[in-house]
Amino acid sequence: MRKIGKLDECEKAKMESAFNFVCGRVRLLKQIIHIVTWSLVKKSFKWSFAIIGAISTIMGVAGVSLIDLLPKDSGCPFRLFVLVILFVLLAFFAAIVTYHHNKDGVHLVINGMDVDIVVDDLFYTEGVKVIPFNEYFDIKVDDRVISKNSLNGIFIEKYADRNALKQAVEERQPSLLKPFKAGDGRICYPLGTIKDCDGFAMLAFTHMDEVNRAYLRRGQYEECLLNMWDELDRMYAGRRIVLPLLGSGITRFENGKPSEDDLLRCMLCTLRASKHHFKEGVNVVLTKKTAARMRLFEVNGYAEAWNNRIGEKDGL
């Protein structure tokens with residue numbers, strides 16, 4: 001009976017190992033499908049054509065032809081097949097290099113300033129750090145109004161000075177966006193309002209519904225960002241601006257949540273539309289998990305589209 005039990009455990013372990021292997025391959029396949037886009041394919045093909053053209057030019061100067069490297073008795077179909085295989089291999093290599101070159105960060109120049117999308121810890125990045133709050137600037141972390149695991153909750157519990165935080169919430173700071181009294185008598189701030197708290201920029205980012213859920217409409221997201229850039233221009237005092245990918249957390253969007261790529265594109269687009277120039281530049285800080293779900297290699301395409309005035313009506 002013991003031997004049978006050991007055999008059952010062995011078979012069970014093998015089945016679990018096989019299951020984990022299959023699951024791993026499925027996840028890899030999904031990641032590859034997510035990564036492969038038409039823009040990446042086009043960019044890879046361009047690089048492949050360029051490399052083959054450069055090789056042909058160099059060999060032409062040296063008096064050698066690509067055909068001379070193939071067997072003399074090889075026919076035209078074989079030569080064509082070899083060229084196609086070479087082209088595909090070069091395109092595949094170019095796609096891998098492009099993806100890996102951009103997966104951990106991208107550098108852009110917008111409105112004449114440096115804008116870096118980086119994978120890092122927001123709280124250990126030097127500069128004015130933008131922390132999203134709700135429209136009332138609530139500071140009670142109770143997993144109802146504010147989650148302990150949210151960026152907002154982590155900031156309040158680990159990094160904020162309680163006295164300075166309360167003072168920042170209670171005092172009226174200069175702003176072109178005017179607060180108003182809500183139906184329950186509480187002070188409500190327009191989305192995009194910034195409050196300065198010991199070098200942190202507290203951002204009124206979301207509405208709150210009747211059951212304390214943070215939500216936002218897509219149109220309000222863009223308006224909030226435009227207001228935010230104006231507010232940051234008022235208080236940044238020559239320091240670098242550091243932001244998370246706003247909206248990528250637990251914020252609920254009506255009519256469906258945009259992808260992380262769409263959120264980043266909207267942040268960059270509104271920054272460009274604001275015409276503001278922050279002297280020390282802007283950092284958009286991503287977590288490793290968020291960056292893994294994104295196509296950062298496409299970000300440079302936004303700048304190219306803007307320079308060529310392509311796709312502006314599509315939110316580029």
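Is Tyr159 buried, partly exposed or exposed, and what is its relative accessible area? Tyr159 is partly exposed, with a relative accessible area of 32%, where buried stands for under 20% relative accessible area, exposed for over 50% and partly exposed for the range in between, computed with a 1.4 Å probe and protein chains only. The structure is a predicted model, in which local features need pLDDT of at least 70 and side-chain atom pairs count only at pLDDT 80 or more, while totals for chains, interfaces and linings use all residues. Residues are numbered from 1 along each chain as its sequence is written, and side-chain values rest on heavy atoms, with hydrogens and water left out.

Aromatic contacts are described next. The structure holds nine aromatic pairs, a pair being two rings of Phe, Tyr or Trp (its six-membered ring) with centres within 6.5 Å, called stacked when the planes are under 30 degrees apart, edge-to-face when they are over 60 and tilted for the rest. In one of these pairs, the ring centres of Phe123 and Tyr159 are 4.1 Å apart and the planes lie at 5 degrees, so this pair is stacked. Distant parts of the chain are linked in this way, since Phe123 belongs to the loop between strand 2 and strand 3 (128-134) and Tyr159 to helix 4 (residues 151-159), 36 residues apart; helices (H or I, at least four residues) and strands (E, at least two) are DSSP runs, numbered from the N terminus. Phe123 is buried at a relative accessible area of 13%. A tilted pair is formed by Phe133 and Phe137, with 5.9 Å from centre to centre and 45 degrees between the planes. Phe133 counts as buried at 2% relative accessibility, and Phe137 is buried at 1%. Both residues belong to one aromatic cluster, formed by Phe133, Phe137, Phe155, Tyr189 and Phe200.

Strand 3 runs parallel to strand 9 (residues 241-244), to which two bridges join it, and strands are taken to pair if DSSP finds at least two bridges between them. The bridge partner of Lys129 in strand 9 is Val242. Strand 3 also pairs in the parallel sense with strand 7 (residues 200-208), over six bridges, and here Asn134 has Thr206 as its bridge partner.

Strand 2 takes part in pairings of both senses. Strand 1 (residues 105-110) and strand 2 (residues 113-119) are antiparallel and pair over six bridges, with Met113 of strand 2 as the bridge partner of Ile110. The hairpin of these strands has two residues between them, and Asn111 takes a positive phi near 55 degrees. With strand 11 (residues 282-286), strand 2 pairs in the parallel sense over five bridges, and Val118 stands opposite Val285 of strand 11.

Charged contacts were searched for across the whole structure, and six salt bridges were found, each defined as a side-chain nitrogen of Lys or Arg within 4 Å of a carboxyl oxygen of Asp or Glu. Asp138 and Arg186 meet in one of them, at 2.4 Å from N to O. Asp138 counts as buried at 16% relative accessibility, whereas Arg186 counts as partly exposed at 33%. Another salt bridge joins Arg293 and Glu260 at 2.8 Å, N to O. Arg293 lies in the loop between helix 8 (288-292) and helix 9 (299-307) and Glu260 in helix 7 (residues 260-274), 33 residues apart. Arg293 is partly exposed, with a relative accessible area of 39%, while Glu260 is buried at 15%.

The buried residues of helix 6 include Tyr221, Cys224, Leu225, Met228 and Trp229. Just after helix 6, Ala237 takes a positive phi of about 55 degrees.
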